[in-house]
Amino acid sequence: MANNSPREHWGSGIGFILAATGSAVGLGNIWKFPYITGENGGGAFVLIYLVCIAVIGIPVMLCEMSLGRHTQKNPIGAFGSISPESSKLSHFFGLCMLLTGMGLLLFHNYGMAVLMFVLGALVFAYSWRVVGFCGVFAGFVILSFYSVVAGWTIAYFGKALSGGLDFVDKVAAEQSFSSLVANPYYSIGCHLGFMFLCVVIVMGGVKKGIERWSKILMSLLFLLLFILILRGLSLPGATQGVAFMLSPDFSAISTNSVLIALGHAFFTLSLGMGAIITYGSYVSKDQNLFLSTLSIVALDTLVAILAGLAIFPAVFAFNMEPSAGPGLVFNTVPLVMTQMPGGIFWAGLFFLLLIIAALTSGISLLEVVVAAAMDELKIKRTPAVIGVGCIIGLLGCLCAVSVSDWTRVEWLHSGLTGLFGVDDASFFDFMDNIASNWLLPLGGISISIFVGWVWGTRKAVEEIRHGSHNFADVHLIALLAGLKDDPSHNSDYHVLTLAALWGIFIRFISPVAVMIAFLYNIGWI
Ligand code: PHE
């Protein structure tokens with residue numbers, strides 16, 4: 001039985017940081033961030049996104065890490081092992097969900113109402129474990145559309161190698177992308193190819209599979225990114241593109257943009273669904289969780305900004321629309337690169353970068369579900385990986401088909417239209433919306449409320465102190481002033497320490513911020 005063997009751990013601290021950074025840095029940074037920035041007006045959106053990362057991303061990531069390392073369990077088991085049998089707070093949330101469901105019925109939002117009723121009932125039955133369930137469910141949802149986009153990157157890499165990216169103009173580039181997307185067999189083939197790679201790596205286990213490959217792939221990713229940035233900034237439209245990213249135009253911002261920025265902050269840092277709880281459960285006690293969190297967040301943010309800086313100059317140099325949507329990266333990059341000397345080579349490198357970024361994130365999504373299946377259903381890694389891989393493979397096929405032509409899956413189309421009123425948005429958009437705008441923010445608030453109010457900041461900080469010595473207890477002002485070694489600044493615990501600041505964030509600021517954005521989204525404020 002899988003349960004009888006001791007839990008696997010990362011071989012080294014840097015191995016863990018690279019694996020978690022690999023999870024965070026993905027299509028979210030290089031494919032999604034540039035196009036949502038383009039659609040939401042550029043600089044102002046970047047600013048809001050950075051605020052979300054600082055106010056919500058860092059505190060919630062630390063919550064997930066401490067939960068994972070303390071319990072040494074998958075997300076479902078983690079909540080199960082430290083939540084009280086019956087928690088008043090969870091009953092309160094269960095009731096809120098039932099009431100929200102009734103409210104949604106009044107607004108004729110039947111699909112969401114049913115979801116809320118089911119969730120509310122589950123919360124009454126399973127208390128906080130439901131947060132873990134939702135995380136695992138999000139793993140299925142996200143990987144099924146994520147692997148479709150990852151499949152497109154494989155297709156484009158193939159095209160680059162075979163010289164098929166030599167577009168004469170913008171129209172030809174756009175046509176090439178739409179014909180790829182419209183061909184379900186090709187999309188499905190590439191999606192399954194990507195899933196196969198994820199399955200093979202995750203089957204190797206934590207140390208020999210995920211850690212070994214994350215180390216190799218992440219080193220390659222940083223090298224490729226560095227080369228491509230130098231290339232991007234030497235383009236003629238560079239200054240205009242950089243200005244688009246860095247000068248804020250607040251008139252382009254709507255409340256919806258704030259919600260997208262918030263949802264993306266969770267998505268890009270792999271938060272709100274237990275990926276970091278799962279990776280944290282393989283961490284040893286001597287790892288500094290504070291510094292690990294800061295390094296992962298910093299690297300992820302850096303890659304997103306650099307990807308924007310590499311792509312927008314190209315967009316402006318070739319007079320393309322910055323708000324072109326999901327096709328942005330697939331249309332502009334080949335067009336620009338192939339017109340430069342050695343273009344095919346550069347385009348090939350770029351799509352290789354995307355494949356690598358997607359792969360290290362895909363394996364973390366798969367691992368969340370696999371770890372839960374292994375622990376909770378007591379099955380071994382190999383059958384767990386194969387079973388989960390097949391289910392997600394099938395869901396992904398539906399996503400791929402729905403993007404090409406909804407009418408091929410009419411039952412799904414009419415079902416979703418009837419329940420959720422999704423109209424023209426494909427199953428792919430639907431899955432993305434459910435995950436990024438609902439599951440991850442709600443999961444994120446629940447995790448921070450659980451750590452701040454149920455498990456307790458005190459116990460969480462005790463966990464964080466292992467491996468970070470007195471880092472959490474340093475007087476914040478003394479730290480900024482360079483006086484952290486002066487004992488008179490550290491003796492009094494009524495001062496603002498990093499730990500105290502974190503506690504305030506996870507108990508009040510992060511949940512309230514997410515809640516407000518969330519209520520805006522459903523149109524209640
Ligand atoms: N963070 C990944 C990205 O930016 C996506 C992801 C989300 C991975 C959630 C794991 C969990 O692409």
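1. Basis. This is a predicted model, in which local features need pLDDT of at least 70 and side-chain atom pairs count only at pLDDT 80 or more, while totals for chains, interfaces and linings use all residues. Residues are numbered from 1 along each chain as its sequence is written, and side-chain values use heavy atoms, with hydrogens and water left out.

2. Shell around the ligand. The ligand is surrounded by 14 residues, the closest being Ala24, Gly28, Tyr146, Phe267 and Ser270 (a residue is near if one of its heavy atoms lies within 4 Å). By class, this shell holds six nonpolar, eight polar and no charged residues, where Ala, Val, Leu, Ile, Met, Phe, Trp, Tyr, Cys and Pro count as nonpolar, Asp, Glu, Lys and Arg as charged, and the others, Gly among them, as polar.

3. A polar backbone atom of Ser23 is 3.1 Å from a nitrogen atom of the ligand, and a backbone N or O atom of Leu27 lies 3.1 Å from an oxygen atom of the ligand. From Asn29, a polar side-chain atom lies 3.3 Å from an oxygen atom of the ligand. The protein covers 100% of the 330 Å² of accessible area that the ligand has on its own (Shrake-Rupley method, 1.4 Å probe).

4. Location of the ligand. The ligand sits in the largest cavity, in the sense that more than half of its atoms lie within 2 Å of the cavity's grid points. Helix 1 (13-24), helix 2 (27-39), helix 12 (255-268) and helix 16 (343-377) each give two or more residues to the shell around the ligand; helices are DSSP runs (H or I, at least four residues), numbered from the N terminus.

5. The largest cavity. On a 1 Å grid over the protein atoms alone, a cavity is a set of points where a 1.4 Å probe fits but cannot get out, and its lining residues have an atom within 4 Å of a point. There are four cavities of 30 Å³ or more, and the largest has a volume of about 150 Å³, a volume being the space filled by probe spheres set on the points. Its lining has 17 residues, of which Ser23, Phe267, Ser270, Ser361 and Leu365 lie nearest its centre. Helix 7 (129-161) is among the elements that give two or more residues to this lining.

6. The second largest cavity. This cavity holds about 110 Å³ of space, and helix 10 (206-233), helix 14 (289-317) and helix 15 (328-337) each supply at least two residues of its lining. The lining has ten nonpolar, one polar and one charged residues, and includes Arg231, Gly232 and Phe350.

7. The largest pocket. A pocket is an open set of points with protein on both sides within 12 Å along at least five of seven lines, and the largest pocket holds about 950 Å³ of space. Of its 39 lining residues, Met97, Met116, Leu119, Leu442 and Ser446 are the closest to its centre. The largest share of the lining, nine residues, comes from helix 19, and by class the lining divides into 33 nonpolar, five polar and one charged.

Definitions and conventions:
Polar contact = N/O pair within 3.5 Å; in protein donor to acceptor, adjacent residues only side chain to side chain.
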